[in-house]
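Please consult the sequence and the structure shown here.

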Amino acid sequence: MIWVVCYCLAMKNTLAIDIGGTNFSIAIFEGASLFGKLTHSTDRKAGPTGILNQIEKMLRVLWRDGAIHGCGIGFGGPVDFAAQKVVASTHVDGWEGFDLVREVETRFCTPVVIDRDSMVGVLGEGYFGAGRGIRPLFYITLSTGIGGGLLTASGLYRGADSFACELGHHTVVPDGPACLCGSNGCLERMCSGLWLERDYGRPAQELFMEPEFVSRYVIHLAQGIKSCLMFLNPARIVIGGGISQAADLLFIPLRKELDRQMTSWWRASVEVVPAALVGESVLRGALALATEHIYHQNPASLDCVSDAVAPPLLQG
Ligand SMILES: [Zn+2]
């Protein structure tokens, strides 16, 4: 039976799209194998049509022959999953009211399913990456913005209106600076790549070379993670997105700060690890999303033909 399922999925060509505030990427999967991927910087003023035109060009470069059987999209902003609509983007103009699913279906003649990028990211890491087999799993994207996703043994937890796990707009500094969501001192306002660059005039990669900066930065990040731990008690938290690539420069001080904030009263797990699918968490999650909602198969069945990397060794 397993062989039959894998054979069927291996015949599917899936387009995966990851639309972020700084970059967007597309990938083609043949079954669970990555055929190829391309990334392009996001022109924040070009709007959805500009991005879609670019995606169409990229797809022509990447994929010349054969049908696309389905498309999964991870979008960097709130998505109404039940309605399959983008709600808004705080980083890129023009998305409100834009029917992205219909546009992609029409342009590429394939069924499409969409979810928020951090929801899609937890699928990628949960089925193919650092959270494989670990449930409940919490995933944090630490990038232009900040978002979260929760994968339980029975699937994604989206909440009543698809807004569950919007960790980025959880307030960590009540009298902090104004955030794009209209609130103040949100985790995203204090810790995201967009605001680090605006506040310090330098990219995050440079800032993480300075231990003094990092020791201040991890205080707010740990506050956000502490909330996840307290509310959800996940078995593991995986952190992906561009900032997570600071690796030990981030994770060693972060774990130290979390140990300080959680206190010995907390007897539950505090396991925070970097994403294993560097730059591909959302793309592989988009494959899992399409597998579940378009091909109606369990994404775990892709594991038998997956070329995804193994989870990293855990550090204490
Ligand atoms: Zn906010």
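A residue counts as buried if 20 or more other C-beta atoms lie within 10 Å of its own, and as exposed if 12 or fewer do. The model described here is predicted. By the burial criterion, 44% of the 316 residues of the protein are buried.

**Overall form**
- The protein contains 10 helices and 12 strands.
- Along the principal axes, the C-alpha atoms occupy a box of roughly 55 × 45 × 35 Å.
- Among contacts with a separation of 6 or more, 66% join residues 24 or more positions apart.

**Helix H2**
- H2 (residues 47–62) comprises 16 residues and extends 23 Å from its first C-alpha to its last, close to the expected 22 Å.
- Pro-48, Ile-51, Leu-52 and Ile-55 are the buried residues named in H2.
- These residues lie on the same side of H2, because they cover an arc of only 100 degrees around its axis.
- Thr-49, Asn-53, Lys-57, Arg-60 and Val-61 are exposed, on the face turned away from the buried side of H2.
- The cover over the buried residues of H2 includes strand E1 (13–19), strand E2 (23–30) and helix H3 (100–108).

**The five-stranded sheet**
- An open sheet of 5 strands runs in the order E10-E9-E8-E11-E12, with mixed pairing.
- E10 (155–156) and E12 (272–274) are at the edges with a single partner strand each, so one side of each has no neighbour in the sheet.
- E8 (residues 137–142) pairs with E11 (residues 236–240) in the parallel sense over 5 bridges.
- Opposite Leu-137 stands Arg-236 in E11.

Methods: Residues numbered from 1 in each chain as written. Predicted model: local features only at pLDDT ≥ 70, side-chain atom pairs only at ≥ 80, totals over all residues. Helix = DSSP H or I, 4+ residues; strand = E, 2+ residues; numbered from the N terminus. Expected span 1.5 Å × (residues − 1). Arc of directions from axis to C-beta. Contact = placed C-beta atoms within 7 Å. Pairing = 2+ DSSP bridges.
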